[in-house]
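Please have your viewer ready.

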Amino acid sequence: MEKLLEYNPVLLALGATIFTWLLTAAGASMVFFFKSINKKVLNSMLGFAAGVMIAASFWSLLKPAIEMAEAQGELPWKPAVIGFLAGGAFLLLIDKILPHLHMGLSIDKAEGIPTTWQRSILLVLAITLHNIPEGLAVGVAFGALANNPDMGILTGAVALAMGIGLQNFPEGAAVSIPLRREGLSRFKSFNYGQLSGIVEPIAGVLGAYLVLTIEPLLPYALSFAAGAMIFVVVEELIPESQRGNETDLSTIGAMLGFATMMLLDVALG
């Protein structure tokens, strides 16, 4: 893995986020084998994704941001608090502007600017919305290598990409299979499902490039990505995973997701 330190961080970010996108596509391909998805299974998968994102927000983003700020002689809490709140505010703004519809809701519950777009498009946009901070987080994590080409930072970034990719697989299925139930063909459902993850390489490259361009931005960028991810978890994943009677399964899924991401980050980092 040490040879990876020789590569441009932006290229590493691109490769890592293409990996997470491919796992989204792999999950979306489940629509070719299943026409419907059990609500209990869906809730467990969404809970798992929430757990991964919560753990990644602290272990892979906020904790390194605090340590970097301290090493730079800055108040440790300052970039963490400012960046975290800015990330949440950014996602809130997009949430108010971008038309989207959460799974299981009728089209009259669509959020964002009013539009006449089809229900299927609005459903995909809802997932695309929370893939932005995931890609950004991976990109920023690899961008940190430009300032400090250290194995610890590299393994932490790899762990983050693995964790995001791991939760992208069930997420892809959670998009494509419900779309199939909406009446779309298997191919269209798969195509929309994998397209929801294409934003991750874009956000990943952008995040890495920004960190390379403005070096002091790194602690703020890491915290920004964490805030955006937590916004998605609280605003979307947890409420959706708790719909229905079997809320214990989504809670267990969240616990397992958190533990998995924590294990990856601590073991590899």
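The largest pocket of this predicted model has a volume of about 530 Å³. A pocket here is an open set of points on a 1 Å grid over the protein atoms alone, with protein on both sides within 12 Å along at least five of seven lines, whereas a cavity is a set where a 1.4 Å probe fits but cannot get out; lining residues have an atom within 4 Å of a point. Grid points are joined across faces, edges and corners, and a volume is the space filled by probe spheres set on the points.

Among the 22 lining residues of the largest pocket, P64, E67, M68, G152 and I153 are the closest to its centre. Two or more lining residues come from each of α2, α5, α8 and α9 (247-268), and α2 gives the most, with seven. Helices are DSSP runs (H or I, at least four residues), numbered from the N terminus. By class, the lining holds 11 nonpolar, seven polar and four charged residues. For this count Ala, Val, Leu, Ile, Met, Phe, Trp, Tyr, Cys and Pro are nonpolar, Asp, Glu, Lys and Arg are charged, and the others, Gly among them, are polar.

The second largest pocket, with a volume of about 280 Å³, has 16 lining residues, and L136, L206, G207, L210 and F224 are the closest to its centre. The elements that supply two or more residues to this lining are α3, α4, α7 (199-213) and α8. The largest share, six residues, is from α7. Here the classes are 14 nonpolar, two polar and no charged residues.

A word on conventions: residues are numbered from 1 along each chain as its sequence is written. In this predicted model, local features need pLDDT of at least 70 and side-chain atom pairs count only at pLDDT 80 or more, while totals for chains, interfaces and linings use all residues; side-chain values use heavy atoms, with hydrogens and water left out.

| Cavity | Volume | Lining residues |
|---|---|---|
| Largest cavity | about 60 Å³ | L42, L46, M103, I127, H130, E171, A174, V175, E240 |
| Second largest cavity | about 30 Å³ | L91, D95, L129, H130, F231, V232, E235, E236 |

For the largest cavity, α2 (39-71), α4 (119-143) and α5 (151-181) each supply at least two lining residues. The most come from α5, with three residues. Its lining divides into six nonpolar, one polar and two charged residues.

The lining of the second largest cavity has four nonpolar, one polar and three charged residues. α3 (77-97), α4 and α8 (218-241) each give two or more residues to that lining, with the largest share, four residues, from α8.

How do α4 and α8 meet? Their axes come within 9 Å and cross at roughly 155°, which makes α4 roughly antiparallel to α8 (an angle over 145 degrees). Axes are lines fitted to C-alpha atoms, for helices over the stretch in contact, and angles run from 0 to 180 degrees between N-to-C directions.

Methods. Parallel < 35°, antiparallel > 145°, perpendicular 65-115°, else oblique.
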